Amino acid sequence: MKATTIANGILRAVFVLSGIVLGCYFLYQIRSVLGYLAIAAVIALLGRPIVLFLRRKLKLPNLLAVILTMMLMLGVFVGILALFIPLINEQGKNLSLLDIEDLRSNLNLLYAQIVDYFGITTSNVNDMIKDSELEKNVLEGLNLSFIPNFLNSFLNILSDFSVGLFSVLFISFFFLKDSKLFQNGILTFVPNTKEGNMVKSIDSINNLLSRYFGGILLQLFILFIVYTITLLIVGVENAIVIAFLCSLFNIIPYVGPIVGGVIMITLTMTSFLGADFSSVILPKALYVFIGLFIGQLIDNFFSQPFIFSNSVKSHPLEIFLIIIISGLLFGVVGMVIAVPGYTAIKVILKEFLSENSFVKKLTKNL
């Protein structure tokens, strides 16, 4: 092998690696735009059945069907936000009237009741609380000086959210209006000889993920109903908002339900702060725990098997392993996108490597 050939090979490798690095850096810089595209694609998948229904059943023009679908989805989004307005207003009032001494007293009382109920020595509880470094360093140092900075950060987040919301709605509209727009964009990077396979892959992915995200919405709705009924029976204020927040955590597989459950029980206990622990706070927390348990039973034995078997065509154990691996590699975001990403990969493998024995076994249910 000539030295010139080796040098040319090294140069090509350097250029390829440089191109990969620059490409990754470019994608990192436009990560927010990629996020908008991903969210818009999910919204388009969710809205696609509605558009098809309006076009086929009600015989509406495509543009009108898309506009009505966007208005419906935007109305649902605004309705969800409206649920939080009373909570934010109430918490704002509470914040303006917050008495740090009263807060300290209530927290100390709750702590003493918990210690006393579980049989821990309580003879010096009050002295321990008064003399503890925790109270001196944390409770006495607790002040509201962070609020201006928090409000400034909140305004910045709100501004970014407004830009993101407009971008997502704008992109979603055109994804719904022209169902082939996203497909055509992908096909620009695919060789002409492989376009047929890619079109089949995209159609299969659209159908599978539409059912998957629809199943996720059904899952969240069922949990929302169970949690709302539980909190209303217990008598927790803002039950609908708390139930919505806690059910929303189920988007994160396995970890989300635990976090949502802890938040729900904590908010239940703090809702009755100052009442007797053994006769009021603990029983209500136990009732909420039972409601959480029932909700998770329904989710694990009905919702998830329905979603995984009828939408993404994958075995629950297969999904479990993929979610765990994605979580270890990419954290919470990896757990959220694991199932749709894995489904897309399986479909593409089936179209392009259908003769491979491993791919055949992996995709036999698709």
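Modeller: Residues are numbered from 1 along each chain as its sequence is written, and side-chain values use heavy atoms, without hydrogens or water. In this predicted model, local features need pLDDT of at least 70 and side-chain atom pairs pLDDT 80 or more, while totals for chains, interfaces and linings use all residues.

Biologist: What makes the contact between Lys346 and Glu318 a salt bridge?

Modeller: A salt bridge is a side-chain nitrogen of Lys or Arg within 4 Å of a carboxyl oxygen of Asp or Glu. The closest N and O atoms of Lys346 and Glu318 are 3.4 Å apart, so the pair meets that definition. The structure holds one salt bridge.

Biologist: Why is Lys346 called buried?

Modeller: Buried means under 20% relative accessible area, exposed over 50%, and partly exposed in between (1.4 Å probe, protein chains only). Lys346 has 2%, and is therefore buried.

Biologist: Why is Arg56 called exposed?

Modeller: Its relative accessible area is 58%, so Arg56 counts as exposed. Arg56 lies in helix H2 (residues 31-56). Helices are DSSP runs of H or I with at least four residues, numbered from the N terminus.

Biologist: Why is Thr230 called buried?

Modeller: Thr230 has a relative accessible area of 11%, hence the word. Thr230 sits in helix H9 (residues 195-234), and its side chain reaches the backbone oxygen of Val226 at 2.9 Å.

Technical notes. Helices (H or I, at least four residues) and strands (E, at least two) are DSSP runs, numbered from the N terminus. A polar contact is a pair of N or O atoms within 3.5 Å; within protein, one must be able to donate a hydrogen and the other to accept it, and residues adjacent in sequence count only if both atoms are side-chain atoms.
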